[in-house]
Amino acid sequence: MSIELWLSFVLASFLVIASPGPAVALLVVTGINQGRKAALAMLPGFFLGDLVAMSLSFAGVGALLMASAELFAMVKWLGVLYLLYLGIKMWRESGQLNDLEASGVNVQQGTAKAFWVTLLNPKSILFFMAFMPQFINQTQPLAPQLAILFATFLVIGVISDLGYTLLSTTSRQLMTANFRRLLHRCGAGSLIGAGVLMTLMRRPTG
């Protein structure tokens, strides 16, 4: 893989990863309302979710999602239901932020939540299947190139997540309880909205 092609992949990956979405909203709201430890607990989940999605996309699951309307619908609706569940749960928690913070950090729960938010989105697998082949040289061995692309994307993802974690947990000291509650509800609304938008997702054809 040439350095020029790799740098193009780095830039494209950064633009994709840094764009706010349900995962970023979940991470930022968690950092603001539960602190740095709770936000950091989510990072392994995001990492593993991306890794599994990338692996599945190149293991043929992406092609299966494109070929099977039933499988695509099943994964899509699982993702919709999970996002709606998280969004409604977060909305209810907005009135109990002090209790939420005092309850401590459940690391396993935070990791699992981040993992499923990342993975239960058929768009993730289809995205990797469509995105990464553009940076693969067909005349060179596939495995080393995939290893480089996977590692690069995951490292950029960790750096981005750490940046959002630092930003959210640092700024929380400057926020009033009412403002934190408003942000919590905004985060909940973004998850619910993402779930509603996912219902409109259509299986790519052709």
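Here is a short chat about how the terms used for this predicted model apply to its parts.

The model is predicted, with local features needing pLDDT of at least 70 and side-chain atom pairs pLDDT 80 or more, while totals for chains, interfaces and linings use all residues. Residues are numbered from 1 along each chain as its sequence is written, and side-chain values use heavy atoms, leaving out hydrogens and water.

Me: What makes the pattern of the protein chain α-α-α-α-α-α-α-α-α-α?
Reply: Helices are DSSP runs of H or I with at least four residues, strands are runs of E with at least two, and both are numbered from the N terminus. The chain has ten helices and zero strands, and that is the pattern you read along the sequence.

Me: Why is Cys-186 called partly exposed?
Reply: Buried means under 20% relative accessible area, exposed means over 50%, and partly exposed is in between (1.4 Å probe, protein chains only). Cys-186 has 47% relative accessibility, so it counts as partly exposed. You will find Cys-186 in helix α10.

Me: What makes a space a pocket, and how much space lies in the largest pocket?
Reply: On a 1 Å grid over the protein atoms alone, a cavity is a set of points where a 1.4 Å probe fits but cannot get out, whereas a pocket is an open set with protein on both sides within 12 Å along at least five of seven lines. Points are joined across faces, edges and corners, and the volume is the space filled by probe spheres set on them. The largest pocket holds about 820 Å³. Its lining has 26 residues, and the closest to the centre are Gly-21, Pro-22, Ala-23, Asn-121 and Ser-124. Lining residues have an atom within 4 Å of a point.

Me: Which classes make up that lining?
Reply: Ala, Val, Leu, Ile, Met, Phe, Trp, Tyr, Cys and Pro are nonpolar, Asp, Glu, Lys and Arg are charged, and the others, Gly among them, are polar. The lining of the largest pocket has 16 nonpolar, seven polar and three charged residues.
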